[in-house]
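Welcome! Please work through the exercises below with the structure beside you, and try each task before reading its solution.

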Amino acid sequence: MTEFWLISAPGEKTCQQTWDKMMAATTRTQNLSTNHKFSIPDLKVGTLDVLVGLSDELAKLDSFVEGVVKKVAQYMADVLEDSRDKVQENLLANGVDLITYITRFQWDMAKYPIKQSLKNISEIISKQVTQIDNDLKTRASAYNNLKGNLQNLERKNAGSLLTRSLADIVKKDDFVLDSEYLITQLVVVPKTAYTDWQKTYETLAEMVVPRSSNLLFEDNDSGLFCVTLFRKALDDFKHKARENKFIVRDFQYNEEEMKADKEEMTRLCTDKKKQFGPLVRWLKVNFSEAFIAWIHIKALRVFVESVLRYGLPVNFQAMLLQPNKKNMKKLREVLNDLYKHLDSSAAAIIDSAMDIPGLNLSQQEYYPYVYYKIDCNLLDFKV
């Protein structure tokens, strides 16, 4: 299970008692979840008005940062292309896998100094993640353009003989070049019509050079033939060829253009390889930064909501539960029984949305205890 429930309950005589009680209810008689203490430092409380306003702001910031975390993770999968199975091992926070980071969470004092006000800490996070989001847009746009140009060139060199570039198939020797009167044409002939072609090509128009047709290349369906004729018979030849289901490709042999195309392909391949390594490194580093910021927001939200719900002095135990998939409903019932005394009105409306002014609960399920979900499955596909 990649889903965690981050909850808090008021300290009994001690916070340890709160923890022991929850552990007894969820693990001793039945294995409903794997639990960890979630360590939140002594943050500056501030005024009630500030806390109420911050509750709303943090909810929005939580959604925004989660969105950025998912965007970076998804883009990592896009960039790794054929190595998508390697995505998960690149999605780390502080050098460890996400579940380890969450279950051993420690507040980062250097990044988010706890002497600052709660509002300042949330603004530091907001600026930091907005910067990551903007940088991602810029880097993704540049890399996607490069990748798109390369794919367009690759597409030109693939596909059927009716549409693909012929530059890498034909050679100079296949053409009569620099002749005032003669011209060589390339014709796509279905495999089923080879015999017809050989019988008729010399008579499709006047002035076709006898025995000038050669098969240059085949794909699954067709063959590419060259044929030489007099320039003044060209329109007539094209018309008659089309009537016989032979397609004349519009192609002029130009060494300079073909060389430029090949050089462009080489340059784009080299540029893509050059950008790939630094881009993956940037994604790894900034995924880690964004994910860490996200979990710190969850910690801030637990702190703010716990103070608003349970009052001062600050006295609550934050706990991280990893539910066992089969027992999620049972776990919810056990927690409800354990904490329903905290808010009698909540017991009647468990599992429905509730709107309490100032406590941003309208967009989430409401329970008698503080609750936030953290889902570490950040990709749209299974890896």
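**Exercise 1.** Decide whether Asn-94 is buried, partly exposed or exposed, and find the loop in which Asn-94 lies.

*Solution.* Start with the scale: buried means under 20% relative accessible area, exposed means over 50%, and partly exposed lies in between (1.4 Å probe, protein chains only). Asn-94 has a relative accessible area of 53%, so Asn-94 is exposed. Next, locate Asn-94 in the loop between strand S3 (92-93) and strand S4 (96-97). Here helices (H or I, at least four residues) and strands (E, at least two) are DSSP runs, numbered from the N terminus. Finally, look at the backbone: Asn-94 is not a glycine, yet has a positive phi of about 55 degrees.

Before going on, note that this is a predicted model, in which local features need pLDDT of at least 70 and side-chain atom pairs count only at pLDDT 80 or more, while totals for chains, interfaces and linings use all residues. Residues are numbered from 1 along each chain as its sequence is written, and side-chain values use heavy atoms, with hydrogens and water left out.

**Exercise 2.** Carry out the steps of Exercise 1 for Lys-245: where is the place of Lys-245, and is Lys-245 buried or exposed?

*Solution.* Lys-245 sits in the loop between helix H7 (234-243) and S8. With 64% relative accessibility, Lys-245 counts as exposed. Lys-245 is not a glycine either, and its phi is positive, at about 65 degrees.

**Exercise 3.** Work out the order of the strands in the open sheet of four strands, and find its edges.

*Solution.* First the rule: two strands pair if DSSP finds at least two bridges between them. The order is S6-S7-S5-S8, and the pairing is antiparallel. Strand S6 (214-218) and strand S8 (247-249) are at the edges; each has a single partner strand, so one side of each has no neighbour in the sheet. Direction ignored, neighbouring strands of this sheet are turned by 35 degrees against each other on average. Within S7, Gly-223 stands opposite Val-189.

**Exercise 4.** Explain why strand S9 (residues 316-323) is described as largely enclosed, and list which strands pair with S9.

*Solution.* Begin with burial: eight of the eight residues of S9 are buried, so the strand is largely enclosed by the rest of the structure. Then check each face: Phe-316, Ala-318, Leu-320 and Gln-322 are buried on one side, and Gln-317, Met-319, Leu-321 and Pro-323 on the other. Strand S1 (residues 3-10) runs antiparallel to S9, with six bridges, and Ile-7 stands opposite Met-319. Strand S2 (residues 33-37) pairs with S9 in the antiparallel sense over five bridges, where Thr-34 has Gln-322 as its bridge partner. Last, look at the loop between H8 and S9, the place of Pro-313. The peptide bond from Leu-312 to Pro-313 is cis, with omega near -5 degrees.

**Exercise 5.** Find how many disulfides the structure has.

*Solution.* A disulfide is a pair of cysteine sulfur atoms within 2.5 Å. By this rule, the count is zero. Two cysteines can still be placed on the accessibility scale: Cys-269 has a relative accessible area of 28% and is partly exposed, whereas Cys-376, at 5%, counts as buried.

How values were computed:
Axes are lines fitted to C-alpha atoms, for helices over the stretch in contact, and angles run from 0 to 180 degrees between N-to-C directions.
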